[in-house]
Amino acid sequence: MRRVLVFLCVGSFWCAGLVLCRRVSGDDIADRARKLHFSSIVLDTHDDTTQRFFSKDYDLGKRNPYGHVDIPRMREGGMNAIFFSIWIDGRTMGPPAVEKALDQIDAVHENVRKYSQDLVLCRTADEVREAHRQGKVAALMGVEGGHMIGNDIRVLRMFGDLGVRYMTLSHFYNDEWADSSTDKPVHNGLTDFGKDIVREMNRQGIMVDISHVSDKTFYDALEVSKAPLIASHSSCRALCTTRGICPTT
Ligand SMILES: [Zn+2]
């Protein structure tokens, strides 16, 4: 996602540059794009590093020989805010799903505490801006898949209290109340309980993420939600229509 943001940023600047000044050199454009990038708050809306927190070979605070994300590379790349993804396989349901999600939320909290010189946990846009003013990277959390609330709205509330700020309504598989884009539909979109989940997310300020959901789930969420939806990591259908491949992992 970070690369997509950078690409969009550079691409937009490049196109504008072509229109406004056809004789600008490549070096000038790269320099201006770099300035734009490093003068902006750059946010990675979906980062799959959280699972690495459980590996003894990985240290968020050091440059790692594998993967893409650690604090040194966040700093060098000018990434100012990051949504750590809370993810487990969508075939794990019920209490085990809740427990594993809580493990990951706790691991994010602990890493933020461990590296508090560089990171600060944020829950609002104002807090992200304040982190940027302090020269810190804003750490946020998004739950990737409604199966992790264990079909229990109280768990959603608990996630919200712990700082989760978006949730995809499904992952690769249907959950108990929402159909996925990569599974055979069984709910015709959102169930009534699924619509209550969307309303509760609105109430708590947890963004409704439609990455991974079926078309009908998307339209149901759009109808119910009072707040704008987000697509934290999705492809554009006009560019790619292949289900299960282009809708990202
Ligand atoms: Zn995904």
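**Entry 1: faces of β2.** I looked up the side-chain directions in strand β2 and found that Ala-81, Phe-83 and Ser-85 point one way while Ile-82, Phe-84 and Ile-86 point the other way, and that all are buried. I took buried to mean 20 or more other C-beta atoms within 10 Å of the residue's own, exposed 12 or fewer, and partly exposed in between, with C-beta atoms placed from the backbone. In a regular strand, side chains alternate between the two faces of the sheet. Strand β2 covers residues 81-86; I used DSSP runs, numbered from the N terminus, for helices (H or I, at least four residues) and strands (E, at least two).

**Entry 2: basis.** I note that the model is predicted, that local features need pLDDT of at least 70 and side-chain atom pairs 80 or more, and that totals for chains, interfaces and linings use all residues. Residues are numbered from 1 along each chain as its sequence is written.

**Entry 3: partners of β2.** I counted strands as paired if DSSP finds at least two bridges between them. Strand β1 (residues 43-47) runs parallel to β2 and is joined to it by three bridges; Asp-47 has Phe-84 as its bridge partner in β2. Six bridges join β2 to the parallel strand β4 (residues 137-144), where Ala-138 stands opposite Ala-81.

**Entry 4: Asp-48.** I located Asp-48 in the loop between β1 and α3. Why is Asp-48 classed as partly exposed? Asp-48 is so classed because 17 other C-beta atoms lie within 10 Å. Beyond its neighbours within four places in sequence, Asp-48 is in contact (C-beta atoms, placed from the backbone, within 7 Å) with Ser-85 and Trp-87.

Note on methods. Two residues are in contact if their C-beta atoms, placed from the backbone, lie within 7 Å.
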